[in-house]
Amino acid sequence: MGTVVVLDRDKAVALARSHAPDLVAVLERAEVVSADEFERVVGRSHPTGVGGLAERPAVEVVERSAPLVLLDNPRNLGNFGAVIRVAAGLGAGGVVSLGDVDPWHPTVLRGSAGLHFALPVGRLGGLDEVRGTVIAFDAGGRDLRDERIPDDAVLAFGSERHGLSAEVRARADLVVSLPMRPKVSSYNLTTSVAMGLYHWELFRRAS
């Protein structure tokens with residue numbers, strides 16, 4: 001974490017004690033600033049009166065012991081952020097994307113509840129950067145419940161509107177489908193990622 005500013009240190013520390021105890025020491029050292037200076041540093045006001053600046057961490061996903069989530073041209077920024085939150089909670093090796101959406105867009109950051117810093121998050125330049133067994137999720141694939149997800153797998157999910165691109169589908173080593181009752185056409189992207197990662201976690205624990 002770089003610069004941390006607060007409008008009222010005592011209130012900020014009390015907030016951290018009740019919601020984020022690991023940040024108490026950080027906020028005790030924060031710089032107290034005026035409302036004008038706060039907006040200058042952060043870019044806008046905020047109800048908490050707490051703000052900070054941080055650099056994007058380098059994305060290193062080559063060596064990993066948990067599946068990497070690959071989003072193929074995601075379009076909904078809120079969903080993108082929620083995927084990162086789920087991936088962090090279930091211990092994924094990282095979240096990467098293909099396409100023109102910036103994974104660090106402010107709306108994506110809000111959707112992740114700030115968990116971009118809990119695991120590698122970044123955008124790939126192309127499929128040639130993908131390493132590992134690619135397992136693509138598609139309604140026409142084999143039932144996920146009959147398959148095992150290796151720890152170093154790449155779990156590929158298509159966009160909310162168009163699904164997997166032809167390029168990612170062709171790159172896939174295995175295409176799987178999530179269990180779904182009749183008359184249900186699809187799951188939300190975040191739900192699909194959560195189900196895939198939870199399936200991996202269940203098999204890993206069982207072994």
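Buried residues have under 20% relative accessible area, exposed ones over 50%, and partly exposed ones lie in between (1.4 Å probe, protein chains only). The model is predicted, with local features requiring pLDDT of at least 70 and side-chain atom pairs pLDDT 80 or more, while totals for chains, interfaces and linings use all residues. Residues are numbered from 1 along each chain as its sequence is written, and side-chain values use heavy atoms, without hydrogens and water.

**View 1. The aromatic pair of Trp104 and Phe117.** Rings of Phe, Tyr and Trp (its six-membered ring) pair if their centres lie within 6.5 Å; planes under 30 degrees apart are stacked, over 60 edge-to-face, and the rest tilted. Two aromatic pairs are counted by this rule. The planes of Trp104 and Phe117 stand at 75°, with centres 5.3 Å apart, so this pair is edge-to-face. Trp104 is buried, at a relative accessible area of 10%, whereas Phe117 is partly exposed, at 47%.

**View 2. The aromatic pair of Phe137 and Phe157.** These rings are stacked, 4.4 Å centre to centre with 20° between the planes. Phe137 and Phe157 are both buried.

**View 3. The largest nonpolar core and Val95.** A nonpolar core is a set of buried Ala, Val, Leu, Ile, Met, Phe, Trp, Tyr and Cys residues joined through side-chain atoms within 4.5 Å. Among the 28 residues of the largest one, Val69, Leu71 and Val95 touch the most other members. Leaving aside neighbours within four places in sequence, Val95 is in contact (heavy atoms within 4.5 Å) with residues including Phe80, Leu119 and Gly122.
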